[in-house]
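Hello,

Please find the structure below, as promised. My notes on it follow.

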Amino acid sequence: MDDDQWVHAKPISNEYSNETNDYESTNIYSNVNSYVHSKQFKRSTFNKRTQNKRKTQNNRKETNLRQYYQPQHIEFHLASVSINEYQETIDTVNEYKLRFRYKYLEEGISIFLNENKAKIYIPIDALEAISKVQHNLLVLTLKKDCSNLISYASKDGFVNDDPIRENLSRASSISMIAQEKTPQQAIDMAGLHIHYLVNRNNKYKANKTHIGEDFLIKCHVDDNIRILRFKSNSQFEEIKHTIIDTFNVRNITKFYYKDDDDEYITIVNTADFDTASKLYKKDNRLEIWCMTGRI
């Protein structure tokens, strides 16, 4: 963004400020005219400065609006697209009938084919992974049973059978080769951001699938080890009494879990147990160590 350019009125030589040594030749009418012209000059200068200030403010607002409403996407042209058995390539380097567009605010990918007469829209939720095989070759791996999330629209490109639609319904991946003149920064920015969102969504859904399910606790009590099953809404006190009854011990004084540094962290209350469950539960199973207080 260019710096704001403040416009200043240029100093104008006042032709009415010419001094004369002949004081007698100056009468009251010339004084009045000089006063009137001076007021007009000041008013004109003030108006110009006000107009310039408003113009600068309007230009700044327009610049901010253009910056705020600029297209929030990364787009580059493709040399070829492969969808199952369907493949489309450009004939010359300067052809722009194949395009890739990634709207990161919508978290969706658009692929334009058939001389821009067909469009495939793939939300990030429908992606299993994105891979950069070569410097300009990207492969989108589609999730199974997510074809209903992918939309396809075509103008009058195909009259009867549409090979793109047919192959898209059976495709497990889509391969795209960017044109050689495409900046690597554009490819990497889109690829890395999509890769981050895919991993984030997959991790979130993996954790979400365990919500409402029973979970397991691997308990170490003295020399005994047992795996117990608990309901997802089980409270810490309930879990504590269940462990005491199962191992037939009089009391358990302390509970521990291991963190990433392989150190034992004490569980004192429900908040500590929830922290252990959220951070260190693996495959819906938590491992804890119990101290009975026996001498």
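**Notes on the model**

Leu 138 counts as buried, at 5% relative accessibility. Buried here means under 20% relative accessible area, exposed means over 50%, and partly exposed is in between (1.4 Å probe, protein chains only).

Two points on method. This is a predicted model, in which local features need pLDDT of at least 70 and side-chain atom pairs count only at pLDDT 80 or more, while totals for chains, interfaces and linings use all residues. Residues are numbered from 1 along each chain as its sequence is written, and side-chain values use heavy atoms, with hydrogens and water left out.

**Around Leu 138**

Leu 138 sits in strand β7 (residues 137-142). Helices (H or I, at least four residues) and strands (E, at least two) are DSSP runs, numbered from the N terminus. Leaving aside neighbours within four places in sequence, Leu 138 is in contact with Phe 76, Ser 131, Lys 132, Ile 174, Ser 175, Met 176 and Ile 187. Contact means heavy atoms within 4.5 Å. Take Ile 174: it is 36 residues from Leu 138 along the chain, yet their C-alpha atoms are separated by 8.3 Å.

Not counting residues up to four places away in sequence, Ile 109 touches Phe 100, Arg 101, Tyr 102, Ile 120, Tyr 121, Ile 122, Ile 124, Leu 127, Leu 140 and Ile 194.

**Arg 99**

Is Arg 99 buried or exposed? Arg 99 is buried, with a relative accessible area of 15%. Its place is in strand β3 (residues 99-103). The Arg 99 side chain makes a polar contact with the side chain of Glu 75 (3.2 Å). It makes another with the side chain of Asn 116 (3.2 Å). A polar contact is a pair of N or O atoms within 3.5 Å; within protein, one must be able to donate a hydrogen and the other to accept it, and residues adjacent in sequence count only if both atoms are side-chain atoms. Beyond four places in sequence, Arg 99 touches residues including Phe 76, His 77, Leu 78 and Phe 112.

**The β4-β5 loop**

Asn 114 lies in the loop between β4 (108-113) and β5 (118-123). Glu 115 lies in the loop between β4 and β5 too. Most residues other than glycine have a negative phi. Asn 114 has a positive phi of about 50°. For Glu 115, phi is near 55°, also positive. Asn 114 is buried, at 15% relative accessible area.

**The five-stranded sheet**

An open sheet is formed by 5 strands in the order β11-β10-β14-β12-β13, with mixed pairing. Two strands pair if DSSP finds at least two bridges between them. The edge strands, β11 (224-230) and β13 (264-267), each pair on one side only. On average, neighbouring strands of this sheet are turned by 35° against each other, direction ignored. Axes are lines fitted to C-alpha atoms, for helices over the stretch in contact, and angles run from 0 to 180 degrees between N-to-C directions.

Strands β10 (residues 215-221) and β14 (residues 285-291) run parallel and are joined by 6 bridges. His 220 has Trp 289 in β14 as its bridge partner. Helix α4 (residues 236-247) lies across β10, β11, β12 (254-258), β13 and β14, at about 135° to β11.

Leu 228 is in strand β11. At 10% relative accessibility, Leu 228 is buried. Its contacts beyond four places in sequence are Phe 215, Leu 216, Ile 217, Cys 219, Ile 243 and Thr 246.

**Cysteines**

How many disulfides does a search of the whole structure find? It finds 0. A disulfide is a pair of cysteine sulfur atoms within 2.5 Å. For Cys 219, the nearest cysteine sulfur is that of Cys 290, 5.3 Å away. Cys 219 is buried, at 0% relative accessibility. Cys 290 is buried as well, with a relative accessible area of 8%.

Best wishes
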